[in-house]
2 protein chains.
Amino acid sequence: MLGNKNRMLLHSLKTFVTRGVRGKLQKVIQKAHPADLGLTLGHLPPAMALAVLEAIEEPAKKAQVLSEADPELAAELIVQLAPEEIAALLSEMYSDDSAQILENIDDELREQIIRQMRQAESEEVQERFDYLDETAGRIMVPDFLALSPETTVAEAITALREGADVELVYYIYVVNEAGKLDGVVSLRRLLLVDPSTPLLAVMVPDVITVRVDEDQEEVANRVERYNLVAIPVVDDVGKMLGVITVDDVIDIIKEEATEDILRLAGTGEEDPLLSGSVLRSFRARWPWLLASCFGGMFAFLATHWFEDLLSRVVLLAGLIPVVMGMGGNVGTQTSTLVVRGLAIRRLDASQLLRVMFRELQVGGLLGLAYAGLVGVLVVAFEATAGLGNLGTGVLRLATVAGLGILSSMLVATGIGTAIPLLLDRMKLDPAVATGPIVTVSIDVCAVLSYFGIARLLLSF
Amino acid sequence: MLGNKNRMLLHSLKTFVTRGVRGKLQKVIQKAHPADLGLTLGHLPPAMALAVLEAIEEPAKKAQVLSEADPELAAELIVQLAPEEIAALLSEMYSDDSAQILENIDDELREQIIRQMRQAESEEVQERFDYLDETAGRIMVPDFLALSPETTVAEAITALREGADVELVYYIYVVNEAGKLDGVVSLRRLLLVDPSTPLLAVMVPDVITVRVDEDQEEVANRVERYNLVAIPVVDDVGKMLGVITVDDVIDIIKEEATEDILRLAGTGEEDPLLSGSVLRSFRARWPWLLASCFGGMFAFLATHWFEDLLSRVVLLAGLIPVVMGMGGNVGTQTSTLVVRGLAIRRLDASQLLRVMFRELQVGGLLGLAYAGLVGVLVVAFEATAGLGNLGTGVLRLATVAGLGILSSMLVATGIGTAIPLLLDRMKLDPAVATGPIVTVSIDVCAVLSYFGIARLLLSF
């Protein structure tokens, strides 16, 4: 959804591209903020987006707009330009932005572009691909202001004036001759002390850092916990390699939340929504559905095992969906709460028993409520529509339905708590495996307990 | 999950609290970062957490630790202190942090504490409660550095030196006599210009702001889009009221993601995981389950309508769960993708047809694959176990199952795309209502199409 301002921008862009009035189009582009243009590009049909991009004359602004657009979209648009122009545009960007776009370009073309980029830029981007995806190394920018401890505050300010290329500066880093990070000075502090003071005297020595091979989620946690606006990245021996700023941390947090949401729904984090091939979506989604298929087929097998009972009381089969469905849904509620609780660190595996005890109470209460409701509905259907060939008393059928639902919901909350907490204790990512395991286990338990109860109450 | 450092901290705290060695406990506390202590509190049993809190002698540090802890936990701990001490501690905090803790305290005690807080502090906190929950007004801090346009850079630096109480300063705001925000100057810029320059000459005039009544989600979007570290909050006429810093924006983003995840799972955003009453969880969760209950009971009614058919082919009923389950799961995958796409603004309602076309292809492909699998499984069960009283040919039953699954999965992807996009177009929050509506619609369509196909293929 776009705000009012951007809806107007979108409208102007569409109008002027359609009419082909380049002059007016360029005037609109000139007045718009690159972030707004980048956002709006995603709401234009691809051909129009390309036309807007081509109407941006200044290469620096074109690069900024692409940096602000969705990286997949930026890659889609940029590949339609000549490799030299792509290389020139990417060289204009901060290297974290250009790397994100390059990630979405085919290997072959990517190599070609990197070869075309200026030597220094190209090495910087190339090095980034030496680090694993989703690590600090992949997202850091290697441009930062690092000075020796003997530098005076006045000299630091001069250095700051010259370092125009450095992304969002809030701190100056103090490193020794070997490049080891020894301290940090905030800009505010620089303003408040005597210009002749050496940095050594004003720096904060215990710097909170991340190691270059640490996971991006850990980066986000640390920036969040200590309320930082930038965090330095170091290697094993403490040598400073780069810096990650809070705007990138925000992107990480949103990305990780999206991954968790999609994993919980069983679509895999890879499913492309609009772009990308249908086959890729198919591959991302089928594994999770397999679990649900096995759960369903288990119910089929069970109807075979209990065919005697069913042929006497046909409507018993009609209640399987509600018994399985209620268990499955309350189990998903529970496991989602637990998985999210683990992700935002409000829970850990040591609390298994405490959480399970509470969830069983909630499950029991919900189970009682829905057992009652379904029991009443069964009786009401019989009273109004007449359920016909019941083969047994309606009250007995209602009791079986109610007890089936209660037991399936109780079991479901237990399973929904236990599985993610156990996966977490086994150092597996609960967001990935919880869904399928919980689904199959609940389906199997719900069906078995339902038929068990039915046999007990209906077979005499 | 705690990192190594904090696991060690947790261990020391536990040991020294258990042994009652106050001296050692205080030494550990002195050396630890308030953020780490705040985090660790959540992993201690309540009685121990309180003991740790009481061992912190310096009130300023005690306040910091509580600010960094989970606000619900902080409220739980703090209410065990005397009202005067609570008031004193809350007065030490930034007012956004104290307000978060106060939100979790009973109305009556809250009033009492607010009365005890120092006049100025208390007004600040009280005013915050005049703004609606989840708006900019509720989260802004009213302390910021605002100077007149004639102020020189040198004077601004002096003001900065004196404004020790202002949270995380990165910008100086320029306001006119009426308090209207006219421009902004970054600290970096202050360092680089001549000290005698007036702020008017160095400020950036077009400031990106939020209105005090705007939703916190909008605040987060704007900070994210323009890569800000702080955003000023203004009223209708542009008067500056406060500032929201990026660390609070990170909290908002995580909170909103959690809300979306919990809403999608149908637990409501209100479900307390560990604390809070079981009844509150019950109330948060039952509405969503009602949808699933109605879907399941519809299947029951359908078995009644088609009882003739079922009494001839009992195993037909055994396949209802797999047909409904596959539809429900693929529909949830699709609707989750769409809801998240809307939340992170990669999608909007205008793309309905394009997204649906793509989703139908994915649903069709998955439907074909699972139709084949289930068909083969039915035949295989017959071949190995012997399905007994089939009442019809096994191939016909397999065909009905396969076609039922294909049609239910196709319909499910269509519904899963359409509902959230239509809700969004109707200006309703898709995360709230999508789950129940999608569930019921898919259940009904899946059951009807399955029995329709069965009647067509099996009734002659």
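Me: Why is Asn227(B) called partly exposed?
Reply: Its relative accessible area is 26%. Buried means under 20% and exposed over 50%, with partly exposed in between (1.4 Å probe, protein chains only), so Asn227(B) is partly exposed. The model is predicted: local features need pLDDT of at least 70, side-chain atom pairs count only at pLDDT 80 or more, and totals for chains, interfaces and linings use all residues. Residues are numbered from 1 along each chain as its sequence is written, chains are lettered from A and ligands numbered from 1 in the order in which they are written, and side-chain values use heavy atoms, with hydrogens and water left out.

Me: Where is Asn227(B) found, and what is its phi?
Reply: Asn227(B) sits in the loop between helix H15 (216-225) and strand E5 (230-234) of chain B. Helices (H or I, at least four residues) and strands (E, at least two) are DSSP runs, numbered from the N terminus. Phi of Asn227(B) is positive, about 50°, although the residue is not a glycine. Most residues other than glycine have a negative phi.

Me: What makes Lys427(A) count as exposed?
Reply: Lys427(A) counts as exposed because its relative accessibility is 71%. This residue lies in the loop between helix H22 (394-425) and helix H23 (430-458) of chain A, and its phi is near 60°, a positive value in a residue other than glycine.

Me: Why is H20(A) called roughly antiparallel to H16(B)?
Reply: The axes of helix H20 (residues 320-343) of chain A and helix H16 (residues 246-264) of chain B come within 10 Å and cross at roughly 165°. That makes H20(A) roughly antiparallel to H16(B), since angles over 145 degrees count as roughly antiparallel, under 35 as roughly parallel, 65 to 115 as roughly perpendicular and the rest as oblique.

Me: Which residues of H20(A) and H16(B) make the contact?
Reply: Thr336(A), Leu337(A) and Arg340(A) come from H20(A), and Lys254(B), Ala257(B), Thr258(B), Ile261(B) and Leu262(B) from H16(B). Contact means heavy atoms within 4.5 Å.

Me: How do you know that Thr258(B) is buried?
Reply: Thr258(B), in helix H16 of chain B, has 14% relative accessibility and therefore counts as buried. Leaving aside neighbours within four places in sequence, Thr258(B) is in contact with Arg340(A) and Ile344(A).

Me: Which residues of helix H4 (residues 46-55) of chain A are buried, and what covers them?
Reply: The buried residues of H4(A) are Met48(A), Ala49(A), Leu50(A), Val52(A), Leu53(A) and Ala55(A). Their cover includes helix H1 (4-19), helix H2 (22-31), helix H3 (34-41), helix H5 (59-68) and helix H6 (71-78) of chain A.

Notes
Axes fitted to C-alpha atoms, helices over the stretch in contact; angles between N-to-C directions.
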